[in-house]
Amino acid sequence: MTLAELENAKAESLKEIAAANDAAAVEALRVKYVGRNGSIPALIKAMKGVPKEERPAFGKAVQAWRAEVEAALAAKGAGSSGEKAVDADLTLPGRWWGLGVKHPLSRVIEETAAIFGRLGFTVADGPELETKFNNFTALNTPAHHPSMDRSDTFWFGEDCLLRTQTSPVQIRTMMANKPPIRVICPGRTYRRDTTDATHSANFHQIEGLYVDTKPVSLADLKSVLAYFAKEMMGDGVTVRFRPHFFPFTEPSVEVDFTCHVCKGKGCNVCKQSGWIEVAGAGMVDPRVFGHVGYDAEKVSGYAFGFGVERIAMIKYGIPDIRWLYENDVRFLSQLA
Ligand code: PHE
């Protein structure tokens with residue numbers, strides 16, 4: 001195309017735009033001249049074929065053409081190049097895309113941190129890949145305890161494993177700090193369990209640990225857990241302790257909340273007992289203090305460990321643990 005031909009084409013295009021009398025015609029001309037495959041971009045692409053000495057003048061003319069066409073299109077109500085002309089009705093209500101919601105497990109963890117925060121507990125963290133020492137030995141677990149078995153625990157060699165509980169964070173926290181210690185430790189835990197409605201190979205726990213140089217008693221533990229139960233589940237909930245065994249606490253208890261569904265009367269959810277097990281707990285065993293270099297004569301404390309899924313299932317009435325991992329928005333959005 002010569003410069004003269006270009007000027008003719010330009011005049012022609014401006015005439016066409018001036019004559020366009022509806023949005024569709026304007027849009028068609030926008031596509032024809034400045035759209036991705038329009039004639040002006042095509043000219044720019046073909047610039048290499050123009051003799052070198054003519055190129056600057058030709059380039060200037062093409063740019064001028066483009067600017068004039070865009071101005072003419074804009075005057076006719078088209079968007080600038082690349083945008084479509086839209087007939088927008090600004091009185092229509094906007095489209096609702098929905099708000100995201102927090103996952104039930106995140107909610108339980110955050111609420112737990114807030115409740116214990118009011119009691120002076122801070123949040124501690126530890127790695128999911130742990131040593132045998134932190135996960136078992138320092139927690140006074142005998143060398144041949146069944147929980148160490150290859151069929152129960154995900155091992156990586158002799159000394160490395162995916163933590164089976166959040167209790168190793170107790171060890172890390174005590175090794176790095178002096179009493180008094182008040183921490184909760186939420187996190188992922190792993191066991192070789194077959195997945196079903198109440199089991200998952202990867203689940204979450206929240207560990208709690210209080211150690212002080214003043215005497216700490218089982219009554220302190222119970223009062224803290226009773227406060228937590230009421231804050232988390234509502235006023236009607238009471239707590240009971242059942243004697244149990246854990247290698248790292250003595251005495252040890254299992255902690256039950258009254259069933260939220262039947263309020264303790266007995267129903268299918270609580271298997272007619274009126275109670276639901278939510279945690280393991282107890283007074284820190286003196287041998288654990290020995291492993292972290294504390295003087296067991298001078299310090300005492302309690303520890304507890306909750307299942308986060310268990311609390312979420314009770315609190316929100318979720319019958320199947322797998323729903324917590326499927327990320328089905330129909331399920332998740334119910335908590336909005
Ligand atoms: N770690 C124990 C478990 O996973 C729970 C627990 C924590 C018990 C702290 C006592 C003290 O079953």
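**Exercise 1: The ligand and its shell**

To start, an oxygen atom of the ligand sits 2.9 Å from an N or O atom in the side chain of Gln-205. This is a predicted model, where local features need pLDDT of at least 70, side-chain atom pairs count only at pLDDT 80 or more, and totals for chains, interfaces and linings use all residues. Residues are numbered from 1 along each chain as its sequence is written, and side-chain values use heavy atoms, with hydrogens and water left out.

Task: find which residues are closest to the ligand, and which elements give two or more residues to the shell around it.

Step 1. Count the shell: 14 residues surround the ligand (a heavy atom within 4 Å). The closest are Gln-165, Ser-167, Arg-191, Gln-205 and Glu-207.

Step 2. Look at the polar atoms. A polar side-chain atom of Gln-165 is 2.8 Å from a ligand nitrogen atom. For Arg-191, a side-chain N or O atom lies 2.9 Å from an oxygen atom of the ligand. Taken alone, the ligand exposes 330 Å² (Shrake-Rupley method, 1.4 Å probe), and the protein buries 91% of that.

Step 3. Assign the elements (DSSP runs, with strands of at least two residues and helices of at least four, numbered from the N terminus). Two or more shell residues come from each of strand S6 (202-212), strand S9 (275-284) and strand S10 (300-307). S10 gives the most, with three residues.

**Exercise 2: Placing Arg-322**

Task: is Arg-322 buried, partly exposed or exposed, and which residues does it touch?

Step 1. Locate Arg-322 in the loop between helix H10 (308-316) and helix H11 (329-332).

Step 2. Check the accessibility. Arg-322 counts as partly exposed because its relative accessibility is 33%; buried means under 20%, exposed over 50%, and partly exposed in between (1.4 Å probe, protein chains only).

Step 3. List the contacts (heavy atoms within 4.5 Å). Not counting residues up to four places away in sequence, Arg-322 touches Thr-195, Asp-196 and Ala-197.

Note on methods: A polar contact is a pair of N or O atoms within 3.5 Å; within protein, one must be able to donate a hydrogen and the other to accept it, and residues adjacent in sequence count only if both atoms are side-chain atoms.
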